[in-house]
Amino acid sequence: CPCRLLVGAPWDGPDGDHRGAIYKCPVGPPNSTCTRVNLGEAPGGRGGRGSLGARAACAPLWSQECGTSVFSSGICTRMDSELRPVETLAPTAQRCSTYMDIVIVLDGSNSIYPWYEVQNFLSNILGKFFIGPGQIQVGLLQYGERAVHEWTLGQFGSAREVVEAARNISRQEGRETRTALAVRQA
């Protein structure tokens, strides 16, 4: 029988990246070899309705990388009668954008101690972003009793400048921690 079986491997994937994979395996002969179906490489994209009796294979953990971020959107592939990919369906996959706005809402009240650890954390995380014109823009709002914009989106042109600003940020202090006010203002 030239029968084949589709087998899902959610933690497998190209180069061991754990995005998920589908394998096509012959049924019957012992020691037969399965071959990986190339999800995401089938022609087409979104759209089109499958014909009656069409087969689909899905990898729910399939992910899309956008710069340093990974978005797990899942992917499905419609297969023909020979179990070859015909059309890829990735309903939530999007074009990766290099432009993003990030506003950090930072608790600068007396409840945060020691302050140098906050400065180190900010420096470490901000140093990993691609900050610049046409890329990621970062703003920072610090709060305690009041909310203050320490820097605005687009104020700095590079990650180096933002990291330096984070190292020099002073704690606002105060007796109250007005988080809801800060979030609304951000």
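Among contacts in the protein chain between residues at least 6 apart in sequence, what percentage join residues at least 24 apart? The figure is 56%, with contact meaning heavy atoms within 4.5 Å.

## The model and its layout

This is a predicted model, where local features need pLDDT of at least 70, side-chain atom pairs count only at pLDDT 80 or more, and totals for chains, interfaces and linings use all residues. Residues are numbered from 1 along each chain as its sequence is written, and side-chain values use heavy atoms, with hydrogens and water left out.

The protein chain has three helices and eleven strands, in the order β-β-β-β-β-β-β-β-β-α-β-β-α-α along the sequence. Helices (H or I, at least four residues) and strands (E, at least two) are DSSP runs, numbered from the N terminus. Of the 186 residues in the protein chain, 34% are buried; here buried means under 20% relative accessible area, exposed over 50%, and partly exposed in between (1.4 Å probe, protein chains only). The protein chain exposes about 11,600 Å², and carbon and sulfur atoms supply 53% of that. Accessible areas come from the Shrake-Rupley method with a 1.4 Å probe; for residues, only the protein chains shown count as cover.

## Two nonpolar cores

A nonpolar core is a set of buried Ala, Val, Leu, Ile, Met, Phe, Trp, Tyr and Cys residues joined through side-chain atoms within 4.5 Å. The largest one has 19 residues, and those touching the most other members are Ile 104, Leu 106, Leu 122, Leu 126, Val 138 and Trp 151. Strand 9 (100-107), helix 1, strand 10 (136-143) and helix 2 (159-167) each give two or more residues to this core, and helix 2 has the largest share, five residues. A second, separate core has five residues, including Val 37, Ala 57, Met 79 and Leu 83.

Leu 126 is a handy place to look at the packing. Leaving aside neighbours within four places in sequence, Leu 126 is in contact with Ile 104, Ile 131, Val 138, Trp 151, Ala 159, Val 162, Val 163 and Ala 166.

## Helix 2, side by side

Which residues of helix 2 are buried? They are Ala 159, Val 162, Val 163, Ala 165 and Ala 166. These residues cover an arc of only 160 degrees around the axis, so they sit on the same side of helix 2; the arc is that of the directions from the helix axis to the C-beta atoms. They pack against helix 1 and strand 11 (147-151). The face turned away from that buried side carries the exposed residues Arg 160 and Arg 167.

## Two serines

Ser 123 is in helix 1 (residues 115-126) and is buried at 9% relative accessibility. The side chain of Ser 123 reaches the backbone oxygen of Gln 119 at 3.0 Å. Beyond neighbours within four places in sequence, Ser 123 is in contact with Val 163, Ala 166 and Arg 167.

Ser 111 lies in the loop between strand 9 and helix 1 and is exposed, at 54% relative accessible area. The side chain of Ser 111 makes a polar contact with that of Ser 109 (2.8 Å). A polar contact is a pair of N or O atoms within 3.5 Å; within protein, one must be able to donate a hydrogen and the other to accept it, and residues adjacent in sequence count only if both atoms are side-chain atoms.

## The disulfide

A search of the whole structure finds one disulfide, defined as a pair of cysteine sulfur atoms within 2.5 Å. Cys 25 and Cys 34 are the partners, at 2.0 Å from S to S, and their link is right-handed, with 115 degrees about the S-S bond. Cys 25 is buried at 7%, while Cys 34 is partly exposed at 35%.
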